[in-house]
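The report that follows is written for a reader who is meeting this structure here. Please keep the sequence and the model in view while reading.

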Protein chains: 2
Amino acid sequence: MQQTNKIAVLRMPTFADAFILMEKALAQRKTLIVAGKCRVDYVGRASSKLELGERILIIKADGSLLVHRPVGYEPVNWQPAGSVFHVTAAENEVEIRAVRQKPRENVKIIFAEVFMVSALSLDDAGEFLLHASEEDMHKAILIKPELFEEGFEPISYEKKVEPGFIDVYGVDKNGKLVVIEVKRKTAGKEAVLQLSRYIDAIKEKANRELRGVLMAPSLGKDVQRLLVTMGLEFKALDPKQCAEVLKKAENMRLEHFFQESQ
Amino acid sequence: MQQTNKIAVLRMPTFADAFILMEKALAQRKTLIVAGKCRVDYVGRASSKLELGERILIIKADGSLLVHRPVGYEPVNWQPAGSVFHVTAAENEVEIRAVRQKPRENVKIIFAEVFMVSALSLDDAGEFLLHASEEDMHKAILIKPELFEEGFEPISYEKKVEPGFIDVYGVDKNGKLVVIEVKRKTAGKEAVLQLSRYIDAIKEKANRELRGVLMAPSLGKDVQRLLVTMGLEFKALDPKQCAEVLKKAENMRLEHFFQESQ
C-alpha cells in the first residue's frame, strides 16, 4: 500500500499542530476525524449543551458533522451537509465552530485535550443495494398499510385458503375485503391466475365485496389486460421501499427502547 | 498532554498489524476507528450490499457499529449496541463481522485496504442538556398537537387578543375552542390569571364553548386550586420533550429532502 497523501495522522498533538491540520483538512474539504476531550454547545431550532467528556468528531467533505460519545449508535450532536467551519486555537484549547444558514444553526466543539487528528481523502463511488425478500414485502405492508392504500387495515398475512396461502389479507376503508398477492419481481400472467384462484376460493365462502390486488415492482407485458378482464387490480410496490420501511421500523423500535430505558 | 495508553494509531498498516490492533481493541472493548477501502454485506430484517469504496468504520465499547461514507450525516450501515465481533485476516483483506442475536442481524465489513486503525479508551460522563425556549415550546405543539391531546387541531399561535398574545389557539376533537398558555418553568398564580384574562376577552366575542389550558413543566404550590376555581386546566409539558420534537422534525424534513433529491 502506498498512497501517502491519502491520510495524515497526528497522535497526541500540541494544540498548535492540531489547529494547523484541522484548518488544512477543512479548507481542502477532506474528511476530518478528531478524538479528544471536548464540550459542545448547540444553538438552533432548540439548544443544547454537552459537558466535558471524551468523544469523536467527524466532519465530512460535504460539511456534515457528527459528534459521537463512546457508547450508542446515535450521534449526540450532528449537522447535515452545508455547514461552514471556523477553527480557532487558544492557549489551552482548540475550537471548531460549524455555522449553518438555513435554518440558522451553530455548533461549537471546544477541545480541552486532543488525542488524535486525522485528515483523509476518501473516494467512494460504491453503490448501496438494499434488498427485501417477498416475506419482507409482506411484513412491510403490515407495518405500513399505506403502501397499499390509505385506510387499509390488514387482518393477517399468509392466510390459508384452499389453493395455498394468501400473502396479505385485510379490509379497505369502505369495508371491502382485500386479498393481496405480492411478487418481488415483475408480475406475469401466472401471478394474475394465482390471485384469481384465491379470489374464487374466498368468493365461495364469503358473501362480501372482494378486491384482488397484485402488488409487484411492475407488470409484465400484456398482463394489465388480463388483470382488468378478471376484475383485479395492480399497485406498484418496490422491494427497496419495503426494505427501508423495515429498517426504519427496527430503528423506531430501538429508539422507543432507548427512550423507555433512560 | 501525556496519557499514552489513551490511544494507539497505525497509519497505513500491513493487514497483519491492522488485524492485531483490531482484535485487541475489540477484546478490550475500546473504541475502534478504521479508515479504509471496504465493502459491506448486511443480512437481517432486510439485506444490503455496499460495493467497494473508502469509508470510516467506528465500533464503540458497547458494541454499536457505524459505517460512514465520505458524505452525508447518516451512516450507510449501522448496528445498535450488543453485537459480537469476529476479526479474520486473509492475505489481501481483513474482515470484521458483527453478529446480533435479537433480531438476528449480521454485518460483514471486508477491508481491501487499511489507511488507519485507531484504538481509543474514551471516558465520557458529561451530561447532555437539551433546552427549548418558550417559543420553541409553542412550535413543538404546532408540530405535534398530541403534546396537548389527541385530536387537537391548532389554528394559529401568538394570536392577538385584547390583553396581549395567546400562545397557542385551536380546536379540540369535540369542536371546543382551546386557548393554551405556555410556561417554560413552573407556572405560578400569575400565569393562571394571565390565561384567565385571555379567556374572558375571548368569551366576550365568541359564543362558543371554551377551554383554557396552562401548559408548563409543573404547577407551583397552591396553583392547582386557583386553576380549578377559575375553570381552567393544567397539562404538563417539558421543554426537553419540546426540544426533541423540534430536533426530530428538522431531521425528518431533511430526510424527506434527501429522499426527494435522490
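## Strand β3 of chain B and its neighbours

In this predicted model, strand β3(B) is joined by 4 bridges to strand β4 (residues 65-68) of chain B, and the two run antiparallel. Within this pairing, I58(B) stands opposite L66(B) in β4(B). The two strands form a hairpin with 5 residues between them, and in the turn G63(B) has a positive phi of about 90°.

Strand β3(B) also pairs with strand β2 (residues 31-43) of chain B, again in the antiparallel sense, over 11 bridges. One of the facing pairs here is C38(B), which stands opposite G53(B) in β3(B). With 3 residues between them, β2(B) and β3(B) likewise form a hairpin.

## Pairing across the chains

The pairing of β3(B) extends to the other chain, where strand β9 (residues 128-131) of chain A and β3(B) pair in the antiparallel sense over 4 bridges. Among the residues that face each other, L130(A) stands opposite S48(B), while H131(A) stands opposite S47(B).

## The interface

How many residues of each chain take part in the contact between chain B and chain A? There are 78 residues of chain B in contact with 78 residues of chain A, and between them the two chains bury about 6,900 Å², of which 59% lies on carbon and sulfur atoms.

The count of salt bridges between chain B and chain A is 6, and one salt bridge between these chains joins the side chains of R55(A) and D124(B), at 2.7 Å from N to O. Across the same interface, 28 residue pairs are found in polar contact, with both residues at pLDDT 80 or more. Strand β3 (residues 47-59) of chain B supplies the largest share of the side of chain B that touches chain A, namely 11 residues. Sorted by class, that side of chain B has 37 nonpolar, 18 polar and 23 charged residues.

## How the two copies are related

Two copies of a chain are related by a rotation about an axis and a shift along it. Here, chain B is superposed on chain A by a rotation of 180° with 0.0 Å of shift along its axis, at an RMSD of 0.0 Å, and that is the relation of a two-fold axis. In chain B, the C-alpha nearest the axis belongs to V9(B), which lies 4.1 Å from it.

Of the interface residues of chain B, 100% are also interface residues in chain A, so the copies meet through the same surface.

Note on methods
Residues are numbered from 1 along each chain as its sequence is written. Chains are lettered from A and ligands numbered from 1 in the order in which they are written. This is a predicted model: local features need pLDDT of at least 70, side-chain atom pairs count only at pLDDT 80 or more; totals for chains, interfaces and linings use all residues. Side-chain values use heavy atoms; hydrogens and water are left out. Copies are superposed by least squares on the C-alpha atoms of residues with pLDDT of at least 70 in both. Contact means heavy atoms within 4.5 Å. Buried area is the accessible area (1.4 Å probe) that two parts lose on being put together, summed over both. A salt bridge is a side-chain nitrogen of Lys or Arg within 4 Å of a carboxyl oxygen of Asp or Glu. A polar contact is a pair of N or O atoms within 3.5 Å; within protein, one must be able to donate a hydrogen and the other to accept it, and residues adjacent in sequence count only if both atoms are side-chain atoms. Ala, Val, Leu, Ile, Met, Phe, Trp, Tyr, Cys and Pro count as nonpolar, Asp, Glu, Lys and Arg as charged, and the others, Gly among them, as polar. Two strands pair if DSSP finds at least two bridges between them.
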